[in-house]
Amino acid sequence: TIAEDLSRMRLTCDVSEADIGQVKVGQTVLFSVDSYPEKQFTGRVAQIRLSPKITNNVVTYPVVVEVENNEGLLLPGMTAEVHIQVAKAEDVLRIPASALRFRPEMLGLAVGSNRANGNAPAQRREPGRGSNRGGASSRREPRPGGGGAEDKLATVYLPGEKPSDPLRPVRFMPGLTDGQYVEVRGGELAEGQQVVVGLATAQAEEAGGLAGMTRMGPPRR
């Protein structure tokens, strides 16, 4: 029996029709496999096959990724979680995406409630770490309306200097997002400011108000 050369392999992944327009040959691909969950593998988009598949009314297109397998860790038949880098921004200000989902009124709280206690600072992404890693679903943050600049702004909330101070809504221009962070392209946000991402629970308040609070550190390498 002659063993196949496994030093170079091909990975095939299915990309939805909503995202396939962002995928181009040559783009960087990051992926992981269950056998090595802590290890990140890289590859390049080699081919976009124009042979759509329909599963449960969802249309997807096969994307072929070329992968170097010099360590011999990857084996035929393995499944992978794939992220295609469709856009990149370096040395930019970013905030947690959860800050855009925080809405006091949806929680029955008026702006100005002193119960807001989860916050994380706006943060500058290190050079070379601006990749959009949300797979082919990497995207710009959805923006309501289709009019002028005002329609494209998003709102986040800053805590007051004291617990009794009201929350301060701040509008900014969102850019690229990987699902975890959102690029800040303009507006009133500045590096180091705290933005609200959640609420402290009663248990957290008894323990010092730390639950629901996210203090962001340097980006992981």
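Helices (H or I, at least four residues) and strands (E, at least two) are DSSP runs, numbered from the N terminus. This briefing covers a predicted model. By that assignment, D91 sits in the loop between β6 (80-84) and β7 (93-96). The chain holds two helices and 14 strands. Its 221 residues are 38% buried.

**Whole chain**

- The accessible surface comes to about 13000 Å². Carbon and sulfur atoms own 49% of that surface.
- Take the contacts between residues at least 6 apart in sequence: 70% of them join residues at least 24 apart.

**Strand β2 and its partners**

- Strand β2 covers residues 28-33 and is mostly covered. Five of its six residues are buried.
- On one count, β2 is joined to strand β3 (residues 36-48) by five bridges. These two strands run antiparallel.
- β2 and β3 make a hairpin, with two residues between them.
- Within this pairing, V29 stands opposite G43 of β3.
- β2 is also joined to β6 by five bridges, again in an antiparallel arrangement.
- In that pairing, F31 has V82 of β6 as its bridge partner.

**Nonpolar cores**

- In soluble globular proteins, nonpolar side chains tend to be buried together.
- The largest nonpolar core in this model has 18 residues. The residues with the most contacts inside it are V15, V23, F31, V63, V65, L74 and I84.
- Four elements are listed as giving two or more residues to this core: β1 (8-16), β2, β3 and β5.
- β1 supplies the largest share, four residues.
- A second, separate core has 15 residues. Its members include L93, A97, V170 and V184.

**Aromatic pairs**

- The whole structure contains three aromatic pairs.
- F31 and F41 form a stacked pair. Their centres are 5.4 Å apart, with 20° between the planes.
- F31 belongs to strand β2 and F41 to strand β3, so this pair ties together parts 10 residues apart in sequence.
- F31 has 4% relative accessibility, so F31 counts as buried. The cut-off for buried is under 20%.
- F41 has 7% relative accessibility and therefore also counts as buried.
- F102 and Y157 form an edge-to-face pair, because their planes stand at 80° with ring centres 6.0 Å apart. The edge-to-face label needs planes over 60 degrees apart.
- F102 lies in the loop between α1 (98-101) and β8 (116-121), and Y157 lies in strand β11 (residues 154-158), so the pair ties together parts 55 residues apart in sequence.
- Both F102 and Y157 are buried.
- One aromatic cluster is made up of F31, Y36 and F41.

**F31 in summary**

- F31 bridges to V82 in β6. F31 stacks with F41. F31 is listed among the residues with the most contacts inside the largest core.

**N69, a buried loop residue**

- N69 is found in the loop between β5 (58-68) and β6.
- N69 has a relative accessible area of 3%, so N69 is buried.
- The side chain of N69 has a polar atom 2.8 Å from the backbone oxygen of L6.
- Leaving out residues up to four places away in sequence, N69 touches L6, S7, R8, M9 and L74.
- One of these neighbours, L74, is also listed among the residues with the most contacts inside the largest nonpolar core.

- N57 has a phi near 65°, a positive value in a residue other than glycine.
- N57 sits in the loop between β4 (53-55) and β5 (58-68).
- N57 counts as exposed because its relative accessibility is 74%. The cut-off for exposed is over 50%.
- D91 also has a positive phi, near 50°, and is likewise a residue other than glycine.
- D91 counts as partly exposed because its relative accessibility is 41%. Partly exposed lies between the buried limit of 20% and the exposed limit of 50%.

Definitions and conventions:
Residues are numbered from 1 along each chain as its sequence is written. Side-chain values use heavy atoms; hydrogens and water are left out. Buried means under 20% relative accessible area, exposed over 50%, partly exposed in between (1.4 Å probe, protein chains only). Two strands pair if DSSP finds at least two bridges between them. A nonpolar core is a set of buried Ala, Val, Leu, Ile, Met, Phe, Trp, Tyr and Cys residues joined through side-chain atoms within 4.5 Å. A polar contact is a pair of N or O atoms within 3.5 Å; within protein, one must be able to donate a hydrogen and the other to accept it, and residues adjacent in sequence count only if both atoms are side-chain atoms. Contact means heavy atoms within 4.5 Å. Accessible areas come from the Shrake-Rupley method with a 1.4 Å probe; for residues, only the protein chains shown count as cover. Rings of Phe, Tyr and Trp (its six-membered ring) pair if their centres lie within 6.5 Å; planes under 30 degrees apart count as stacked, over 60 as edge-to-face and the rest as tilted.
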